[in-house]
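Here is a friendly walk through one protein model. Keep the 3D view open as you read, and look for each residue when its name comes up.

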Amino acid sequence: MKDQRLLMIPGPIEFDAEVLMEMGKPTVSHVAPDFIEVFGRAIEQMRELFQCHDGQPFIVAGTGTFSMDMACANLIEPGDSALIVSTGYFGDRMADILVRYGASVTQVRGPIGGVPDFDEIEKALNAENFKLMTITHVDTSTGVMNDVKSLSEIAKKYNVLVVVDGVCSVAGEELKMSEWGVDVAFTASQKAVGVPPGLALLVAGPKAIESFQKRKTPVQNYYGDWKNWLPIMENYEARKPSYFGTPAVNLVQALNLSLEQILAEGLDTRIKRHKRLSQAFKDGISGMGLKQVPMVEEYSAHTMTAPYYPEGIDPAQFLTGIKEEGIILAGGLHPDIKAKYFRIGHMGSVSFGDILRTVAAIEISLANNGYEFELGSGVSATIKSYNG
Ligand code: PMP
């Protein structure tokens, strides 16, 4: 039988066949003229994806956590203060990293499934002289999406650098770095950017670079030090050979192709597609009577969904049942509600067929695990939503 397994977790995602084929091409030298051209183009396209015309892209082998690490290591000096707008697990990780580099950290948290109060954020900004404020655009542990545009506006009043963790948002949610005043944004290859895991992707705006250049102390991370990577990125963009650490050649080739596909689809069209598919999926989830972790639709991500289990469902048995239908979903991640909910990723090249198959598998597994509802109510709601 054809292997029809479908990976519907919030990263890594299903990848486009052409992107995978690009990765499978023979590896060339990192200073081969053709590769220099590809790397240079990838850097230029990153600027378009992040909508930061005067930003400096960094494409470095690593994961999303390394993107976080790079942002913090290069901007923080011991004794600096940082404010974290936290909506879950990845806000806590950001706090750990910032503290590691010597920052004094203040966190403003929302309730689980909610966002922090804007007044509380403003109060915190008023009370202390922060070097930077971090926002997790979409926290993958809750599916909560922060209003980056409004939060950046508030931070700008206090002359604070805005750092956005866009690991679960870039290329799937609207993010306009220059227009919104975001100073650093980053992601990883395996999510909506649509490239297998292994690349940390970051864009630093002019104020972030200026702040980095004014440092009085050395960056406490050798591999991630922008001083090492800045000339490399500049050289590749100028189509000149360069070396600091061997780039992930095949991944960079795949990235360049994926970025071409993303920009050819058009960012607005792509974001609308994510919204439409997300709505159809979420309507399917509601159609079967399930609640979701995000408390308000306005703060609900379009790249993923986090539904609560109905009463009495055993998470392991439910996920096994889904797997038997050929779909892989993720369990809970937020420590406070871990066993109470599950997570579905729907980003990148995801199609309506993938959405429909996933909703059907959830219905089947719920029914087989004793949940009483009208079988087909989810699928029906999904189709109506998509076609509505
Ligand atoms: N931030 C967010 C919002 C994420 O979703 C993730 C990964 N799920 C990370 C950071 C860390 O990325 P990685 O697992 O690639 O290190």
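Met-304 stands opposite Gly-345, a residue of S14. Strands here (E, at least two residues) and helices (H or I, at least four) are DSSP runs, numbered from the N terminus. Met-304 and Gly-345 belong to a pairing in which two bridges join S11 to strand S14 (residues 342–345), with the strands running antiparallel. Two strands count as a pair if DSSP finds at least two bridges between them. This is a predicted model, in which local features need pLDDT of at least 70 and side-chain atom pairs count only at pLDDT 80 or more, while totals for chains, interfaces and linings use all residues. Residues are numbered from 1 along each chain as its sequence is written, and side-chain values use heavy atoms, with hydrogens and water left out.

The open sheet has three strands in the order S11-S14-S13, and the pairing is antiparallel. Strand S11 (304–305) and strand S13 (330–331) are at the edges with a single partner strand each, so one side of each has no neighbour in the sheet. Strands of a sheet pair through backbone hydrogen bonds, either parallel or antiparallel.

## An enclosed strand

Why is strand S2 described as largely enclosed by the rest of the structure? Five of the six residues of S2 (residues 56–61) are buried, so the rest of the structure largely encloses this strand. Buried means under 20% relative accessible area, exposed means over 50%, and partly exposed lies in between (1.4 Å probe, protein chains only).

S2 pairs with strand S10 (residues 199–204) in the antiparallel sense, over six bridges. To find one of these bridges, look for Pro-57, whose partner in S10 is Val-203.

## Rings that meet

The whole structure holds 15 aromatic pairs. Rings of Phe, Tyr and Trp (its six-membered ring) pair if their centres lie within 6.5 Å; planes under 30 degrees apart count as stacked, over 60 as edge-to-face and the rest as tilted. Phe-66 is in helix H3 (residues 64–75) and Tyr-223 is in the loop between helix H8 (206–213) and helix H9 (226–237), so the pair ties together parts 157 residues apart in sequence. Phe-66 is buried at 12% relative accessible area, whereas Tyr-223 is partly exposed at 35%.

Trp-229 and Phe-244 have ring centres 4.9 Å apart and planes at 90°, so this pair is edge-to-face. It links distant parts of the chain, with Trp-229 in helix H9 and Phe-244 in the loop between H9 and helix H10 (249–265), 15 residues apart. Both Trp-229 and Phe-244 are buried. Together, Phe-66, Tyr-222, Tyr-223, Trp-229 and Phe-244 form one aromatic cluster.

A ring can also meet a charge. The charged end of Arg-276 sits over the ring of Tyr-386, 3.8 Å from its centre; the rule asks for NZ of Lys or CZ of Arg within 6 Å of the ring centre and within 35 degrees of the ring normal.

## Cysteines on their own

How many disulfides are there? The count is zero, where a disulfide is a pair of cysteine sulfur atoms within 2.5 Å. For Cys-72, the nearest cysteine sulfur is that of Cys-52, 18 Å away. Cys-72 is buried, with a relative accessible area of 2%. For Cys-168, the nearest cysteine sulfur is that of Cys-72, 18 Å away, and Cys-168 is buried at 1%.

## Backbone details in the loops

Asn-159 has a phi near 55°, a positive value in a residue other than glycine.

The peptide bond from Gly-11 to Pro-12 is cis, with omega near 0°. Pro-12 is in the loop between strand S1 (6–7) and helix H1 (17–23).

## The whole chain

Now zoom out. The protein chain has 14 helices and 14 strands, and 59% of its 388 residues count as buried. Its C-alpha atoms fill a box of roughly 65 × 55 × 35 Å along the principal axes.
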